[in-house]
Amino acid sequence: MKAGRKTLPCEVLRKLLLQQSVHSYSKASIDAALLLAATYRKVLLGAKQWLPEGEIGLPARAKWQRACINNTQLLYPAAFCFAPPHKALAGRPSFELYAFLQAIPEAFVAQLVEWAPPIVAIDPVSIKSPTQGITANRHGASSVPVLGNVLSAFLAKEVLPKTLVRTRVLKKYTKARFGLHDFVQLALPAIDAIALENCKQIVCTAPVANALSLGVLLTDWSLSNVKQIRSRSSHESLVSKATRSSTASSRSK
């Protein structure tokens with residue numbers, strides 16, 4: 001990570017996937033990384049249902065220069081493109097994935113994209129300035145390959161196609177290397193384990209505006225279980241605050 005740039009939740013999630021320690025990161029960053037993991041898990045499980053049994057292969061090796069320019073760029077997700085999809089993904093998505101994309105709140109997806117900004121490559125020939133690039137993306141005249149944070153880019157394209165989102169731009173143009181189908185094999189087993197292991201924390205840290213519905217959507221727990229977990233967590237938090245306050249008062253006497 002470069003000096004002067006705070007750690008993004010997607011970078012914390014990457015550490016979790018590699019089974020590296022995240023104790024040095026803030027609780028807020030870890031909570032956000034777990035919400036990313038839970039959301040990605042649901043997307044990939046839906047994509048897995050989309051693929052015929054026995055047709056999930058290992059992704060091809062893909063290398064590219066990962067250095068990004070310092071400035072970010074606002075782009076319309078409708079222009080995002082990914083590696084050519086598996087032949088089975090050419091049609092409509094599975095019912096599970098379609099239902100999930102219909103249910104997930106737009107505001108929550110916008111937050112996820114802030115936590116995991118898509119890393120894109122912009123062809124300097126077809127897009128000569130940020131203004132031209134935004135106009136072309138809005139009207140669908142250009143396509144922007146996504147190289148990093150592919151799953152957040154997929155969510156943005158499906159849920160927020162006409163909303164400007166912040167992206168990070170590679171210094172060197174390259175074509176898209178990964179599609180949704182690749183991550184079913186590449187990341188689903190690890191993401192599934194992380195999300196299932198931390199269901200309680202995911203339920204407790206879901207944004208307040210959609211806490212109950214998101215808790216159910218991301219974990220598949222019943223509404224009563226989600227209410228019970230959040231109520232218990234809230235009570236424990238109040239008790240903890242009261243204890244700390246009492247201790248501080250005693251010490252000041």
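**Figure 1. Close-up of the salt bridge between D192 and R41.** The side chains of D192 and R41 meet in a salt bridge, with 2.6 Å from N to O. Distant parts of the chain are linked by this pair, since D192 sits in helix α8 (residues 188–197) and R41 in helix α2, 151 residues apart. R41 is buried, with a relative accessible area of 10%, while D192 is partly exposed, with a relative accessible area of 23%.

**Figure 2. Close-up of the salt bridge between D220 and K42.** A salt bridge joins the side chains of D220 and K42, and the distance from N to O is 2.7 Å. Here too the pair links distant parts of the chain, 178 residues apart: K42 lies in helix α2, and D220 lies in the loop between α10 (211–219) and α11 (223–252). K42 counts as buried at 16% relative accessibility, whereas D220 is partly exposed, its relative accessible area being 49%.

**Figure 3. Close-up of helix α8 and its surroundings.** The buried residues of α8 include L188, I191, I194 and A195. Seen down the helix axis, the buried residues of α8 fall within an arc of 135°, so they line one face of the helix. P189 and E197, on the other side of α8, are exposed. Among the elements that cover the buried residues of α8 are α1 (9–17), α2, α7 (180–186) and α9 (199–205).

**Figure 4. Close-up of the largest nonpolar core around L44.** The largest nonpolar core has 67 residues, and those with the most contacts inside it are L44, F80 and L180. Helix α2 gives the largest share of this core, namely 13 residues. When residues up to four places away in sequence are not counted, L44 touches L151, L180, F183, V184, A187, L188 and I191. In soluble globular proteins, nonpolar side chains tend to be buried together.

Figure 5. C68 is buried, with a relative accessible area of 5%, whereas C204 counts as partly exposed at 24% relative accessibility. A search of the whole structure finds zero disulfides.

**Figure 6. Close-up of two segments with pLDDT under 50.** Across the chain the average pLDDT is 81, and 75% of the residues score at least 70. Over residues 128–141, however, pLDDT stays under 50, and the model has 14 contacts for this segment beyond four places in sequence. Over residues 238–249 pLDDT also stays under 50, and for this segment the model has zero contacts beyond four places in sequence. Where pLDDT is low, the predicted coordinates should not be read in detail.

Technical notes. Residues numbered from 1 in each chain as written. Predicted model: local features only at pLDDT ≥ 70, side-chain atom pairs only at ≥ 80, totals over all residues. Heavy atoms only, no water. Salt bridge = Lys/Arg side-chain N within 4 Å of Asp/Glu carboxyl O. Helix = DSSP H or I, 4+ residues; strand = E, 2+ residues; numbered from the N terminus. Buried < 20%, exposed > 50% of the residue type's maximum accessible area, 1.4 Å probe, protein only. pLDDT = per-residue confidence, 0-100. Contact = heavy atoms within 4.5 Å. Arc of directions from axis to C-beta. Core = buried A, V, L, I, M, F, W, Y, C linked by side-chain atoms within 4.5 Å. Disulfide = S-S within 2.5 Å.
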